[in-house]
There are 2 protein chains.
Amino acid sequence: MAKHLTLACAALALSAGSAWADLRDDALETFRALPSTVPAVKDNPITPAKIELGKALFFDPRMSASGVFSCNSCHNLATGGDDNLETSIGHGWQAGPRNAPTALNSVFNEAQFWDGRAADLAEQAKGPVQASVEMANTPENVVQALNSMPQYVTWFGEAFEGEADPVSFDNFAKAIEAFEATLITPAPFDAWLNGDDAALSEMELAGLEQFMELGCSSCHSGVNVGGHGYYPFGLIEKPGAEVLPVGDKGRFAVTQTVDDEYVFRAAPLRNIALTAPYFHSGKVWDLKVAVQIMAESQLGEEISDETADQLVAFLGALTGELPEVTYPVLPAETRATPRPDNSFVGQ
Amino acid sequence: MAKHLTLACAALALSAGSAWADLRDDALETFRALPSTVPAVKDNPITPAKIELGKALFFDPRMSASGVFSCNSCHNLATGGDDNLETSIGHGWQAGPRNAPTALNSVFNEAQFWDGRAADLAEQAKGPVQASVEMANTPENVVQALNSMPQYVTWFGEAFEGEADPVSFDNFAKAIEAFEATLITPAPFDAWLNGDDAALSEMELAGLEQFMELGCSSCHSGVNVGGHGYYPFGLIEKPGAEVLPVGDKGRFAVTQTVDDEYVFRAAPLRNIALTAPYFHSGKVWDLKVAVQIMAESQLGEEISDETADQLVAFLGALTGELPEVTYPVLPAETRATPRPDNSFVGQ
């Protein structure tokens, strides 16, 4: 009897495996597993020296005017590559305009920021450093700070060997891009795409099936399950003004084209379970609620509670494992290092 | 000829080595090399599980009310265990009252804080979390946050095995203490105390000799080259009001004893070259200037430029190497996790 039951179970497992075989074929036309190596980046050859320098810069709070914020403050690698705040808190305790996107796997996005206004991570890295509500620094001050610390000068020389002027704001950004290119987080979904039937549960597979059948994957596809293509938030039905504030017209600010009002880059969904709150407004804390809002606003679908749970389960299978990051020991300041500016904004 | 020269050099090196042999004997009566293992801590057995939990808590910004600051924000392990600010910036961009001391080797201090008001690191850890100008949180909110994340509940259970109520504010502090006890930074000075003649340069040795002969080591002694004993700042001559602000009476606030006005715990000097700006007021950025102020105010000595340089060289030999710290991946928030409070203070 026990033997028969075992055989029956094995047969069931086999049929369950094969029942999802078609799903994998479909999925492989829509998604792509993460590569097993650090991807090449345009005009920025990635070397170990550049990665190490980029890591130091990413964690260095002295890159901000106040000496308080580093890249990692808002793109915290300990908490999904973001800060778990509605919008980030920056210089002088100002709140930023939009929710901080994750730095994890961001190298695979077609363009950076919610509105895609930066073509790549090097261009992106220059933004927050200078934004008055974020790090409030200037390129000149960053370069002065870097040049004031001999260890940084050496590291830039090694990372940008043969260049006449290695310590530059451009190279600062390129080094950060190189480090960020290593922040790749293979997830159970990748293992499943790569052929491991056991990597996803029945619930997660049902969620994936729904994700594709409902049409979520029309926008959220590719290696980052999103991160490319621009779509109006509220394609079918605009969400409420709290979730979609009237004043933030999204990509319109980039293109000045009426068609781009309230248009945003499709959010990449890897590690989405770690990066609440959701949307550019950061107003929704619950992933299930976010999924329901998406179904209504983008697909015109009122999905069942069960379907929402399945979708959330699938999204959970996009939570990946970060490569081990050794916390850097940063170069020591010198007499020539610019002093932190902790002026109280608005006071 | 070459052979004779080599022999002569060897003889010279030998005589230089032996010239400082008495200095080592004296030094060993005043200082102590760092131990090679993590020290035991009172009432807090240190285990790998507790260290790992403590590391997660140390780096977790969700331990602050705003979700912006972790222990590591002001005691940044990347920059000497402090924040390189005059005084720390905390909740609502408020400036703290005193310069943040380094967390490195702090387990060896007789008591914690500039005024020694906390007996140990566990007691210390409870302070900044609750201080309104720092993390502005409450013990209840911390415990609620921890209980809201199943991974933390598991980790506390493992770190405090057998306890009826492992997730508590007391255990939060004990875990942080356990992690901090591992932050020990062996320096060239330790190698020299342990018998390695080549570990210190002639300049550093001359500085050490001055340090002991002038009397710096009367207060700055022991394993942390300070960190024990309480002394008036301005024992011989009070420094100016910018360096020693009239309003901060130091240990007087702890003991309410007139004798303790402007009394502070002797600063531990390990890694001092990394932790500018100096003094409890954080007003002096240059270590040489700090050394000159100390000589005048504590010893009544106007030291030569050469002596000051030698002392600074010796202090540089106290810069040690931090054990490798892998950046933690923190538990994910849940629906039950308290939301960050980013209220603008004073607005």
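Across the interface of chain B and chain A, 10 residue pairs are in polar contact, both residues at pLDDT 80 or more; such a contact is a pair of N or O atoms within 3.5 Å, in which, within protein, one must be able to donate a hydrogen and the other to accept it, and residues adjacent in sequence count only if both atoms are side-chain atoms. The model is predicted, so local features need pLDDT of at least 70 and side-chain atom pairs pLDDT 80 or more, while totals for chains, interfaces and linings use all residues. Residues are numbered from 1 along each chain as its sequence is written, chains are lettered from A in the order in which they are written, and side-chain values use heavy atoms, without hydrogens and water.

The interface also holds two salt bridges (a side-chain nitrogen of Lys or Arg within 4 Å of a carboxyl oxygen of Asp or Glu). In one of them, A:Arg335 meets B:Asp286 at 2.9 Å, N to O. On the side of chain B that touches chain A, 22 residues are nonpolar, 13 polar and eight charged.

The whole structure contains 31 aromatic pairs over all chains; rings of Phe, Tyr and Trp (its six-membered ring) pair if their centres lie within 6.5 Å, with planes under 30 degrees apart counted as stacked, over 60 as edge-to-face and the rest as tilted. A:Phe31 and A:Phe189 form an edge-to-face pair, 5.3 Å centre to centre with 80° between the planes. The two residues are 158 residues apart. A:Phe189 is buried, at 0% relative accessible area (buried means under 20%, exposed over 50%, partly exposed in between, with a 1.4 Å probe and protein chains only).

Notes
Nonpolar A, V, L, I, M, F, W, Y, C, P; charged D, E, K, R; others polar. Helix = DSSP H or I, 4+ residues; strand = E, 2+ residues; numbered from the N terminus.
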